[in-house]
Amino acid sequence: MFKVNQDYLKLPGSYLFSTVARKQREYQAAHPEAEIIKLSIGDVTQPLAPAIVEALHGAVDEMAHAETFHGYAPDLGYEFLRSAMAKNDYQAKGCDINADEIFISDGAKEDCGNIQEIFSKDSKIAVCDPVYPVYVDTNVMAGRTGTYDAATGTWSNVIYMPCTKETNFAPEIPEETPDIIYLCFPNNPTGSTITKELLQKWVDYANKNGAVIIYDAAYEAFITEENIPHSIYEIDGAKEVAIEFKSYSKTAGFTGVRCGYVVIPEELKGYTKNGEKISLNKLWNRRTCTKFNGTPYITQRAAQAIYTEEGQKQIRENINYYLENAKIIREGLEKAGFKVYGGVNSPYIWLKIPEGMTSWEFFDKLLDEANVVGTPGSGFGPHGEGYFRLTAFNTKENTVEAIERIKNLFLQ
Ligand code: PLP
């Protein structure tokens, strides 16, 4: 009799966003007249920028002719796109990253989830609390997290780094030394950022303690303030300790097109059981060539268009559109009496919910009485309890309407 991977059975019943979607569906079925506004899942609403659409059409036309047809893409990505990424996202900003250190993928979720495969099963991970659930869940699947304590919502073999309002929602160096440190800035769900000085502390700590930092920069393009790093490679010593993820999903509306990338610098070395140094770039290369047949040519041509002058201008307009929504949410909630965080360098707004309510109770109240859907903070980790996440990814009209409804509900 075959057996399933027992580690999967340890996972919570369903993925956070599936639960949110199910509750919304059930409410809609029971109240067909309700006009529900979704400020929950972070999916974009604005269409692709014209420069990207044009590149897509061009690439599709190429696929229609034998001379310009493209089959499997190179496993690691086309040189034209890897060079554009290295040049525009790094070298132009003073970071010494070259095309060979970049691996193109079909989105950062897969990369966030798969990266743990190249580390030893007994590695100890450290995560922010609250956190994007993919980091922990994929380590659960890999059998790395120990046992689950339902009372505290924590895993025995995971180091949780509380991110609270007292620390501006940034993690503090943990007492116990981790092997793998997951950081995400601008942060999902809290919308917080990290200063260069603080990130330098983390890089120094990782260098000193032989840890690797997995740095998720999926929301980097939303940074509006000075002195906030757009990449961990702006920090001295980061090439020796950090892997970085980037995504075009929110930056350029690619949630349905699918493209992201991983940076693994040549300098970044792990250790074998005998203490020999080994290149993580080579390991990830080996893994990718074995398990991935490349991001589609059409998609990569579309991504290349992001780096043209018009592409840059057009995607900036879309990002500003969402940042304007974030401002509407932030200011509206403040008027309604909430304490609000994030939403300045991020499309996420993290709000403190009224005392005496759990974040799922707040979810139900908002759905039931304002027909607005958000995401309960507790779904992101124990320290998310008492908070709620709203996203700027809806139309401006819906955002204004949702905030009016929330104001009416809480200003009574
Ligand atoms: N990382 C973070 C922090 C995210 O919030 C998301 C998407 O919501 C991703 C990665 C995944 O992005 P992608 O659409 O590129 O898979």
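Modeller: A salt bridge here is a side-chain nitrogen of Lys or Arg within 4 Å of a carboxyl oxygen of Asp or Glu. Bear in mind that this is a predicted model.

Colleague: How far apart are the closest N and O atoms of K365 and E369?

Modeller: They are 3.1 Å apart, and K365 forms a salt bridge with E369.

Colleague: Where do K365 and E369 sit?

Modeller: In helix 10, residues 359–370. They are separated by about one helical turn because they are four residues apart. K365 is partly exposed at 23% relative accessible area, and E369 is also partly exposed, at 47%.

Colleague: What about D7, which residue does it form a salt bridge with?

Modeller: K10, with 2.9 Å between the closest N and O atoms.

Colleague: Is D7 buried or exposed?

Modeller: Buried, because its relative accessible area is 14% and the cut-off for buried is under 20%. K10 is partly exposed at 35%.

Colleague: Switching to the ligand. How many residues surround it?

Modeller: There are 14, and the closest are A108, D216, Y219, S247 and S249. By type, the shell divides into six nonpolar, four polar and four charged residues.

Colleague: What lies 2.7 Å from an oxygen atom of the ligand?

Modeller: A backbone N or O atom of A108 does. From the side chains, an N or O atom of N188 is 2.7 Å from a ligand oxygen, and a polar atom of S247 also lies 2.7 Å from one.

Colleague: How much of the ligand's accessible area does the protein cover?

Modeller: On its own the ligand has 400 Å² of accessible area, and the protein covers 91% of that.

Colleague: Last topic, the surface. Which residues make the nonpolar patch?

Modeller: F2, V4, Y8 and L9 make a nonpolar surface patch of about 500 Å².

Colleague: Where does F2 lie, and is F2 buried or exposed?

Modeller: F2 lies in the segment before helix 1, which spans 16–30. F2 is exposed, with a relative accessible area of 74%.

Methods:
Residues are numbered from 1 along each chain as its sequence is written. This is a predicted model: local features need pLDDT of at least 70, side-chain atom pairs count only at pLDDT 80 or more; totals for chains, interfaces and linings use all residues. Side-chain values use heavy atoms; hydrogens and water are left out. Patches are made of residues with over 30% relative accessible area and no salt bridge: like charges are joined within 9 Å, nonpolar side chains (Val, Leu, Ile, Met, Phe, Trp, Tyr) within 5 Å. Accessible areas come from the Shrake-Rupley method with a 1.4 Å probe; for residues, only the protein chains shown count as cover. Helices (H or I, at least four residues) and strands (E, at least two) are DSSP runs, numbered from the N terminus. Buried means under 20% relative accessible area, exposed over 50%, partly exposed in between (1.4 Å probe, protein chains only). A residue is near a molecule or strand if one of its heavy atoms lies within 4 Å of it. A polar contact is a pair of N or O atoms within 3.5 Å; within protein, one must be able to donate a hydrogen and the other to accept it, and residues adjacent in sequence count only if both atoms are side-chain atoms. Ala, Val, Leu, Ile, Met, Phe, Trp, Tyr, Cys and Pro count as nonpolar, Asp, Glu, Lys and Arg as charged, and the others, Gly among them, as polar.
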